[in-house]
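Welcome! Open your viewer, get the selection tool ready, and follow along one stop at a time.

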Amino acid sequence: MGLRKNAVALSATELTDLQDAFAAAYDLTDDRGYGFHAGLHGLPLPSYCEHGTLLFLPWHRAYLYFFERALIDVLRRTRDNETGAVSLPWWDWTSAASHTDGLPPGYLAQGDGTANPLAAGPVTLNSSDLQLVRDNLPGAITDGPNPVTIRDPSPPDELPRASTVNRVLRSVTFSGFSTLLEGIHNGVHGWVGGAMSAVPIAAYDPIFWAHHAMIDRLWYLWQISPRGVNPPAQLLDRALAPWPMTVRQTLDISTLGYEYAAQVIG
Amino acid sequence: MVTAAAARTGEAEQTLVVDLPYPGEAGETAYTRADVVFTGVDHSSLSYEVRLFLNNPTATAATPRTEEHGYAGRFTIFGHGGCYGDMGHCDVPAPSNDPTDLRPPHPLTPLDTYVTITEALRRVRADGGTLQTVTLVPVSITPSRADRKPAPELLRFADVSLQTYLTATEDDPEASY
């Protein structure tokens with residue numbers, strides 16, 4: 001069982017494992033690699049992500065599940081170790097530390113100049129798509145032939161507050177919970193800025209996965225709370241393209257092989 | 001309900017002002033929650049946020065988000081940042097009436113959202129006042145913060161309405177943040 005932890009609670013070894021897994025995924029150019037998974041959210045077309053619908057939470061849970069599995073695979077292969085493991089950490093943007101420092105330290109460029117694969121991700125699009133991104137979204141990716149994601153974060157205290165999240169956790173309907181949480185999610189994308197601020201290339205930034213692990217964790221916490229209810233019945237057997245997974249199959253994270261480390265919110 | 005076409009341009013042509021009188025002709029009803037509901041909201045272009053101010057038709061992007069200025073909450077749209085397909089790729093087709101058409105909706109199908117304004121509306125009413133206008137202040141969320149600015153062109157929607165509810169509990173969540 002994989003254990004997803006707070007990004008600031010990773011041990012040095014766990015952080016190294018995560019960095020190595022991302023770096024190895026960057027090097028894979030096929031459908032096991034980072035570019036493939038990041039591209040499913042937007043570019044290159046087709047764009048599969050679900051926003052503004054009640055599939056937002058299930059779709060992104062499936063997305064993280066398959067990406068996390070890909071990270072485990074690539075880490076084991078790179079290290080020739082069949083038991084290696086890595087889990088996606090969550091970024092608690094409500095925490096006091098986030099409201100002081102912003103992004104988790106593990107996702108920042110290192111002061112000593114050492115490359116950190118979690119500080120930016122390669123944007124492996126064809127030249128046509130890259131030109132469109134540069135024309136439509138200046139400031140999202142770097143110039144040059146091998147662009148990577150850029151961030152331009154807002155002041156840390158503008159991140160969502162725990163009190164706001166706690167109000168969302170008091171939702172009594174799935175549609176209410178999903179709509180409110182997605183709104184907060186949208187704001188954090190904008191807070192990070194750069195590539196994260198636009199759907200087509202947001203997932204190329206490594207912080208995307210920590211942000212969405214937080215969203216997924218909040219859904220999980222609401223699910224196990226007395227107020228948590230399932231999505232509407234008519235959605236439960238909907239497929240979550242491009243994966244062979246339905247909404248129903250996302251509802252119990254224990255069947256997906258991961259869980260969240262305990263932490264009190266607020 | 002007010003259609004987007006009925007909204008009037010606000011301060012410096014950077015905002016939209018809509019008339020959402022409450023109590024209206026039907027009079028006041030008991031409520032535990034009040035939402036400003038938007039339908040048909042576009043999300044095809046840049047990301048943006050929309051700040052709502054009650055009874056402050058001169059509000060702008062520079063207006064502080066405080067009770068004294070009538071601030072009631074905001075919503076944020078995570079935008080697609082333009083079209084990346086060939087001609088017509090981003091044209092949203094009309095909903096199909098064909099029961100055998102099992103394709104999912106177009107990804108750019110306009111969405112519905114809301115901002116819960118219960119406490120802000122109560123503040124207006126507490127002084128014996130009535131709600132007259134809601135000012136919508138759209139601000140772009142570009143990749144570079146330096147490029148962010150008032151962006152009325154990004155806010156395209158079908159209609160907006162004030163909806164009040166009498167819910168089973170007063171512990172319902174607020175959307176404001």
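In which strand of chain B is the place of B:Asp35? Select residues 33–41 of chain B: this is strand 4, and B:Asp35 is in that strand. Keep in mind as you go that this is a predicted model.

Now stay with B:Asp35 and show its surroundings. With a relative accessible area of 1%, B:Asp35 is buried. Then show B:Tyr165, whose side chain is joined to that of B:Asp35 by a polar contact of 3.3 Å. Leaving aside residues up to four places away in sequence, B:Asp35 also touches others, including B:Tyr114, B:Ile117, B:Ser161 and B:Leu162.

Time to zoom out and colour chain A and chain B separately. Their contact takes 32 residues from chain B and 42 residues from chain A. Select B:Phe78, B:Tyr84 and B:Pro143: these three supply 30% of the area that chain B buries against chain A, more than any other three residues. Between them, the two chains bury about 2900 Å², with 58% of it on carbon and sulfur atoms.

For the next stop, pick B:Arg145 and A:Asp152. Their side chains meet in a salt bridge, at 3.5 Å from N to O.

Finally, highlight residues 111–116 of chain B, which form strand 7. Strand 7 gives the most to the side of chain B that touches chain A, with three residues. By class, that side has 14 nonpolar, 12 polar and six charged residues.

Methods. Residues numbered from 1 in each chain as written. Chains lettered and ligands numbered in written order. Predicted model: local features only at pLDDT ≥ 70, side-chain atom pairs only at ≥ 80, totals over all residues. Heavy atoms only, no water. Contact = heavy atoms within 4.5 Å. Buried area = accessible area lost by both parts, 1.4 Å probe. Salt bridge = Lys/Arg side-chain N within 4 Å of Asp/Glu carboxyl O. Helix = DSSP H or I, 4+ residues; strand = E, 2+ residues; numbered from the N terminus. Nonpolar A, V, L, I, M, F, W, Y, C, P; charged D, E, K, R; others polar. Buried < 20%, exposed > 50% of the residue type's maximum accessible area, 1.4 Å probe, protein only. Polar contact = N/O pair within 3.5 Å; in protein donor to acceptor, adjacent residues only side chain to side chain.
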